[in-house]
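Student: I would like to go through a protein model with you, step by step. Where do we begin?

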Amino acid sequence: MLRFLIRTIEKSAELVDLGVSAVQTPLEVLSKSDCIFIMVSDGEAVQDIFSGADGLLKGELSGKIFVNMSTVSPGINRSLAEIVNEKGATFIDAPVSGSVMQAEQGQLVILGGGDKKVFDELTPLFDTLGKMSIYVGPSGSGNELKLIINSLLAIITQGFAEALLATESKGIELDKFLTLLNNSALSNIFLKAKGDILISGNYNAAFALKHLVKDLNLAKQENILRDMGNLALQDFQSAAVHYGDQDVIAVKKSLDGQSAS
């Protein structure tokens, strides 16, 4: 039987109904599992899972494998890798490229950092989660590449939002712009999905704007951002004040408000 930890236990009810066995603490997961996958929102949550009152580091780690799929600071992964390695365990950073739709369809791309031999041994598990797993390099490398990818995503989203505002300012119908875009050399899955959000008006987050701000700040700390990335960070930070829980394309709402003022 599959055992897993959900940090907010109330959210486990639906999975428990399907036959999954939920547990209450990270330490309990450790006692029942040899390979533990972790995917939470930020570095603070990761640190709590390992170092909290009932955290993973309170138990016997020897022989265990920890796979951190969270997008966090590369430094956190390197630090945790050093700690668990000293205790006879292995730590792999394996953030994913993809969003809700890709997760539901098993089309995520997994970016790995850490011990390559262990990463390769985990391939059958990664194959159940995504369409591809790529070994990047030493501990932290997976997250470094993920931050680079998300920095590009922010720049693309910003440019898309600005193009939408320009289209509207010229009195051109939005659906005509999107039809052209989706049938041009610029067409891609990401922009198609964001266009669908705009048409539907449903801004439920496939990737929450506040999480992109978190990633951009991490990228800034890692000296990944340059001119366009830093400008995108400023606009996304402003947008997150009002639209942080909405999808990243909600940055258009914020930019629209700026242009109207």
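**Salt bridges and surroundings**

Tutor: Asp196 forms a salt bridge with Lys192, and their closest N and O atoms are 3.0 Å apart. A salt bridge here is a side-chain nitrogen of Lys or Arg within 4 Å of a carboxyl oxygen of Asp or Glu. This is a predicted model, in which local features need pLDDT of at least 70 and side-chain atom pairs count only at pLDDT 80 or more, while totals for chains, interfaces and linings use all residues. Residues are numbered from 1 along each chain as its sequence is written, and side-chain values use heavy atoms, with hydrogens and water left out.

Student: Which helix holds both Asp196 and Lys192?

Tutor: Helices (H or I, at least four residues) and strands (E, at least two) are DSSP runs, numbered from the N terminus. Asp196 and Lys192 are four residues apart, about one turn of the helix. Both lie in the run of residues 189–200, which is helix 10.

Student: Is Lys192 buried, exposed or partly exposed?

Tutor: Buried means under 20% relative accessible area, exposed means over 50%, and partly exposed is in between (1.4 Å probe, protein chains only). Asp196, with 40%, is partly exposed. Lys192 has a relative accessible area of 38%, so Lys192 is partly exposed.

Student: How far apart are the closest N and O atoms of Glu121 and Lys117?

Tutor: Both residues lie in helix 6 (residues 116–121), four residues apart, about one turn of the helix. Glu121 is partly exposed at 47%, and Lys117 counts as exposed at 60% relative accessibility. Their side chains form a salt bridge, and the closest N and O atoms are apart by 2.6 Å.

Student: How many residues apart in sequence are the parts that Glu144 and Arg78 tie together?

Tutor: The side chains of Glu144 and Arg78 meet in a salt bridge of 3.3 Å, N to O. Glu144 lies in helix 8 (residues 141–169) and Arg78 in helix 4 (residues 74–86), so the parts tied together are apart in sequence by 66 residues.

Student: Which residues is Thr167 in contact with, leaving aside its neighbours within four places in sequence?

Tutor: Thr167 is in helix 8 and counts as buried, at 8% relative accessibility. Contact means heavy atoms within 4.5 Å. With the neighbours within four places set aside, the contacts of Thr167 are Ile172, Glu173 and Phe177.

Student: Which residues make the nonpolar surface patch of about 220 Å²?

Tutor: Patches are made of residues with over 30% relative accessible area and no salt bridge: like charges are joined within 9 Å, nonpolar side chains (Val, Leu, Ile, Met, Phe, Trp, Tyr) within 5 Å. Accessible areas come from the Shrake-Rupley method with a 1.4 Å probe, and for residues only the protein chains shown count as cover. One member, Leu129, lies in helix 7 (residues 123–129) and is partly exposed at 33%. The patch is made by Phe37, Leu125 and Leu129.

Student: What is the radius of gyration of the protein?

Tutor: The radius of gyration is taken over C-alpha atoms, and the globule rule is 2.2 Å times the number of residues to the power 0.38. For 261 residues, a compact globule would have a value near 18 Å. The protein agrees with this, at 20 Å.
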